[in-house]
Amino acid sequence: MKAPLLTTALMFAAAALTACAASDAAAAAAVGQPAPAFTLVDSAGQTRSLADFAGKTVVLEWTNHECPFVKKHYGSENMQTQQRDATADDVVWLSVNSSAPGQQGHVDGAAAERIRGQARAAQTAYLLDPDGTTGRAYGAKTTPHMYVIDPDGVLRYAGGIDSIPSPDPADIAKATQYVPQALAELAAGQPVSTPVTRPYGCSVKYAN
């Protein structure tokens with residue numbers, strides 16, 4: 001009798017895990033669907049919500065200043081150039097840090113402000129997500145991991161910053177820069193030609 005009972009119990013456990021996985025997958029952000037809402041505090045102590053930017057195109061950039069791949073794009077000023085170009089066109093650019101306390105890249109507001117200043121960053125705001133709630137809602141896996149949300153609040157791009165997954169700044173000039181491409185297509189009223197790509201970089205340092 002014990003063996004059938006054990007088998008039944010294992011079957012129920014497997015079904016429960018499958019259901020949980022399916023639920024998580026269903027909850028993850030998906031291109032073509034409304035972007036998950038969030039409210040976070042920025043590096044200056046101001047509360048920022050996605051709803052605050054209704055009617056505007058929004059870029060989300062997951063970041064960790066200690067990651068070599070983030071250093072590639074900031075050290076070369078590729079990221080800052082994209083930020084400046086986007087915000088000049090009235091696009092909202094939000095950097096998001098989901099590193100948990102005690103993990104690589106975790107910062108408080110004061111440290112984030114120093115990092116912004118040292119990098120001469122030009123994002124609209126630097127958001128702190130230490131419990132990882134927003135990062136997990138979007139399925140952010142790497143730093144950088146990029147997202148573009150259209151003025152109707154629909155996610156239109158999710159993936160890597162560019163097409164060459166390396167830490168070498170020399171590769172930037174040869175790569176397709178996916179975010180500027182997506183922004184230009186949206187501004188022209190066209191569908192995003194490459195809506196999903198594989199992100200690359202360091203893993204997001206969520207709480208264990």
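A residue is called buried under 20% relative accessible area, exposed over 50%, and partly exposed in between (1.4 Å probe, protein chains only). The structure is a predicted model, in which local features need pLDDT of at least 70 and side-chain atom pairs count only at pLDDT 80 or more, while totals for chains, interfaces and linings use all residues. Residues are numbered from 1 along each chain as its sequence is written, and side-chain values use heavy atoms, with hydrogens and water left out.

The sheet may be taken first. Seven strands form an open sheet with mixed pairing, in the order E2-E1-E5-E4-E3-E7-E8; strands are DSSP runs (E, at least two residues), numbered from the N terminus, and two of them pair if DSSP finds at least two bridges between them. Strand E2 (47-49) and strand E8 (155-159) stand at the edges with a single partner strand each, so one side of each lacks a neighbour in the sheet. Strand E1 (residues 39-42) pairs with E2 in the antiparallel sense over three bridges, and Val41 has Thr47 in E2 as its bridge partner.

Arg156 is partly exposed at 31% relative accessible area, whereas Asp150 is buried at 6%. Lys174 forms a salt bridge with Asp171, the closest N and O atoms being 3.1 Å apart; Lys174 is exposed at 62% and Asp171 is buried at 12%. Salt bridges that share partners also join Glu77, Arg84 and Arg120 into one network.

Technical notes:
Helices (H or I, at least four residues) and strands (E, at least two) are DSSP runs, numbered from the N terminus. A salt bridge is a side-chain nitrogen of Lys or Arg within 4 Å of a carboxyl oxygen of Asp or Glu.
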